[in-house]
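Reader: I have a chain to look over before I set anything up. Could you show it to me and then walk me through it?

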Amino acid sequence: MPVRVVDTATPSSHPTSGQDANAGHPSPPSCSLLSAGRCYAGTQNVSTIQKEEAWKVNVRINDCDLEQGYLCGTMEAVNVPLADTPVVTFWEGEIVDAKNYTFFTGKWEASPEDDIRHWSKFPSFTPLLSQIETDGGKSVDFSNYAYIFMRWKEQYFVNVGVDCGLTIAGFYYVCFSCSDGSISGYYYDPNSSPFQKLELKCTNEKDSGFTFSSYELQ
């Protein structure tokens, strides 16, 4: 979800990383609650030291390919103070599977220390930490794990211009529960408030009434 611009400095460029050539590694489990057309609703905490604030958020998955470690969708922030209309962004995601992507981001201004600090916010990550520290998670069997870890990166604004006073420079560390479809996430952007928490619940019905279809994706 877009956040307020607090620094106009352009993020430094980093080489694409996080990919692993271990083609024989099993993918995370297939889950009907994480599939194209699924919708989720919840909030993102955007509080600062000066003010408590949370925005209502709706997310829809447009495509999900576990074999390629890829998914994409739209995110709608409903009650953004600086906007006259709900703000919709298109995002693309990386699924951590030790085959296509690892827990280490390697771009978007995120260091390995930033990665561990954010992943460690999820209780479901704790049992994996020792393996991550040993081999980066290459030996983790994600096919039997009840959680799917991802990164979501917003790519562009769908219905507002880039001069809307918000930024999508950062990205989300995301943990998805295969048992109930709930999503927890933390937004990372060095120029924004740290650890903005995203909390979503699956609406249990695909295409559940959100207005995403009225926007044309580029």
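**A walk through the chain**

Author: Arg151 has 0% relative accessibility, so it counts as buried (buried means under 20% relative accessible area, exposed over 50% and partly exposed in between, with a 1.4 Å probe and protein chains only). Please keep in mind that this is a predicted model, in which local features need pLDDT of at least 70 and side-chain atom pairs count only at pLDDT 80 or more, while totals for chains, interfaces and linings use all residues. Residues are numbered from 1 along each chain as its sequence is written, and side-chain values use heavy atoms, with hydrogens and water left out.

Reader: Which strand is Arg151 in?

Author: Arg151 belongs to strand E6; helices (H or I, at least four residues) and strands (E, at least two) are DSSP runs, numbered from the N terminus.

Reader: And what lies 2.8 Å from a polar atom of its side chain?

Author: That is the backbone oxygen of Thr102, where a polar contact is a pair of N or O atoms within 3.5 Å; within protein, one must be able to donate a hydrogen and the other to accept it, and residues adjacent in sequence count only if both atoms are side-chain atoms.

Reader: Which strand does E6 pair with over six bridges?

Author: Strand E6, residues 147-157, pairs with strand E8, residues 171-177, in the antiparallel sense, and two strands pair if DSSP finds at least two bridges between them. Within that pairing, Met150 has Val174 in E8 as its bridge partner.

Reader: What do the eight strands close into?

Author: They form a barrel with antiparallel pairing, in the order E2-E3-E4-E5-E6-E8-E9-E10. On average, neighbouring strands of this sheet are turned by 30° against each other, direction ignored; axes are lines fitted to C-alpha atoms, for helices over the stretch in contact, and angles run from 0 to 180 degrees between N-to-C directions.

Reader: Switching to helices, what does H1 lie across?

Author: Helix H1, residues 112-119, lies across E6, E8 and strand E9 (183-188), and runs at about 35° to E8. Its buried residues are Asp114, Asp115, His118 and Trp119. They cover an arc of only 120° around the axis, so they sit on the same side of H1, the arc being that of the directions from the helix axis to the C-beta atoms. These buried residues of H1 pack against E6, E8 and E9, with contact meaning heavy atoms within 4.5 Å.

Reader: What about Leu34, where is it found?

Author: Leu34 is in the loop between strand E1 (3-4) and strand E2 (39-45), and at 5% relative accessibility it counts as buried. Not counting residues up to four places away in sequence, Leu34 touches Tyr40, Ile61, Cys64, Leu71, Ile148, Met150 and Phe176. Leu34 and Ile61 are 27 residues apart in sequence, with their C-alpha atoms 7.8 Å apart in space.

Reader: Last one, how many helices and strands does the chain have?

Author: There are two helices and 10 strands, and buried residues make up 47% of the 218 residues in the chain.
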